[in-house]
Amino acid sequence: MRIDILTLFPELFPGPLGESVIGRAVRQNLVTVNAVDVRSFAADARGTVDEKPYGGGPGMLMIPEVLARAIESVRDAASTVILTSPRGEVMNQRLAAELAKEEHLVLIAGHYEGVDQRVIDLMVDREVSIGDFVLSSGNIAVMAIADAVIRLLPGVLGDAGSTVEESHSMGLLEYPQYTRPPEFRGLKVPEVLLGGDHGKVVEFRKREAERITRQRRPDLWEKYLQTELK
């Protein structure tokens, strides 16, 4: 996979995308991550990239021609262009898995009050939000989206089953996990995990995942129940 990140702050990258599992995937050429400086496509020597919105209102908008040229510099027939936006579809594990099947992602880190709608209409395939809150720019959102997608690519995680039982993959939050010692500061590991009966372990973990999801994320619990009934 190739990921091109369009940003006004290319110095922020690779940042977290150059470390740990994701950084290793980049070094092993499992994925290519490239930061593109949108300001370099400005028409004037000052690098102007923003203008006041028609109709008035607070803040500034990114100039459409500048962003369009930046997109065109990396987009090809295999590209999926994504804009980070508070009004976009909410990022989740299902969407991460969907995007992990793409050959080329162009991730636009939104900035200012937004992007001229004409660029969105002409060039953006999807708008994506990482949650119901507002950031000062889309750079952190882009990093989160890229991380969630890259870790699902073949060969990135050592154990192919690592992504199967984690939170959200099965529609539930992840069950509690324990390691040595069997007792820590008065708290013991549940006996079922020490007994060696794999079937009982599976049942215990599913039951705990359901309990935690029901308590902490009733919205996910309702979706899970609907899926189970089908």
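Q: Where is the place of Phe133?
A: Phe133 sits in the loop between strand S7 (126–129) and helix H5 (139–150); helices (H or I, at least four residues) and strands (E, at least two) are DSSP runs, numbered from the N terminus. This is a predicted model: local features need pLDDT of at least 70, side-chain atom pairs count only at pLDDT 80 or more, and totals for chains, interfaces and linings use all residues. Residues are numbered from 1 along each chain as its sequence is written, and side-chain values use heavy atoms, with hydrogens and water left out.

Q: Why is Phe133 called partly exposed?
A: Its relative accessible area is 44%. Buried means under 20%, exposed means over 50%, and partly exposed is in between (1.4 Å probe, protein chains only). Phe133 at 44% therefore counts as partly exposed.

Q: What makes Phe133, Leu135 and Ile140 a patch?
A: They form a nonpolar patch on the surface, with about 280 Å² of accessible area together. Patches are made of residues with over 30% relative accessible area and no salt bridge; like charges are joined within 9 Å, and nonpolar side chains (Val, Leu, Ile, Met, Phe, Trp, Tyr) within 5 Å. The areas come from the Shrake-Rupley method with a 1.4 Å probe, and for residues only the protein chains shown count as cover. Phe133, at 44%, is therefore over the area cut-off.

Q: Why is Ser85 called buried?
A: Ser85 has a relative accessible area of 11%, and is therefore classed as buried. It belongs to strand S5 (residues 79–90).

Q: What makes the pair of Ser85 and Glu127 a polar contact?
A: The two side chains come to 3.2 Å. A polar contact is a pair of N or O atoms within 3.5 Å; within protein, one must be able to donate a hydrogen and the other to accept it, and residues adjacent in sequence count only if both atoms are side-chain atoms. The value of 3.2 Å therefore passes the distance test.

Q: Which residues is Ser85 in contact with, leaving aside its neighbours within four places in sequence?
A: They are Glu127, Val128 and Ser129, where contact means heavy atoms within 4.5 Å.

Q: How do you know that S5 and S7 pair?
A: Five bridges join the two strands, which run parallel. Strands pair if DSSP finds at least two bridges between them, so five is enough. Ile82 stands opposite Arg126 in S7.

Q: Which way do the residues of S7 point?
A: Arg126 and Val128 point one way, Glu127 and Ser129 the other way, and all are buried. In a regular strand, side chains alternate between the two faces of the sheet.

Q: What makes Arg94 and Glu98 a salt bridge?
A: Their closest N and O atoms are 3.0 Å apart. A salt bridge is a side-chain nitrogen of Lys or Arg within 4 Å of a carboxyl oxygen of Asp or Glu, so the pair qualifies. Both residues lie in helix H3, four residues apart, about one turn of the helix. Arg94, at 47% relative accessibility, is partly exposed, and Glu98, at 32%, is partly exposed too.

Q: Why does Asp116 count as buried?
A: Its relative accessibility is 13%, and it therefore counts as buried. Asp116 forms a salt bridge with Arg118, with the closest N and O atoms 2.7 Å apart. Arg118 has a relative accessible area of 49% and is partly exposed.

Q: Why does Asn29 count as exposed?
A: Asn29 has 67% relative accessibility, and therefore counts as exposed. It lies in the loop between H1 and strand S2 (32–37).

Q: Why does Arg185 count as exposed?
A: Arg185 has 76% relative accessibility and therefore counts as exposed. It is placed in the loop between S8 and strand S9 (187–188), and its phi is near 50°, a positive value in a residue other than glycine.

Q: Which residues does a cis peptide bond join at Pro14?
A: The bond joins Phe13 and Pro14, with omega about 10°. Pro181 lies in the loop between H5 and strand S8 (183–184).

Q: How many of the 230 residues of the chain count as buried?
A: The share is 40%. The chain has seven helices and nine strands, and the structure holds 10 salt bridges.
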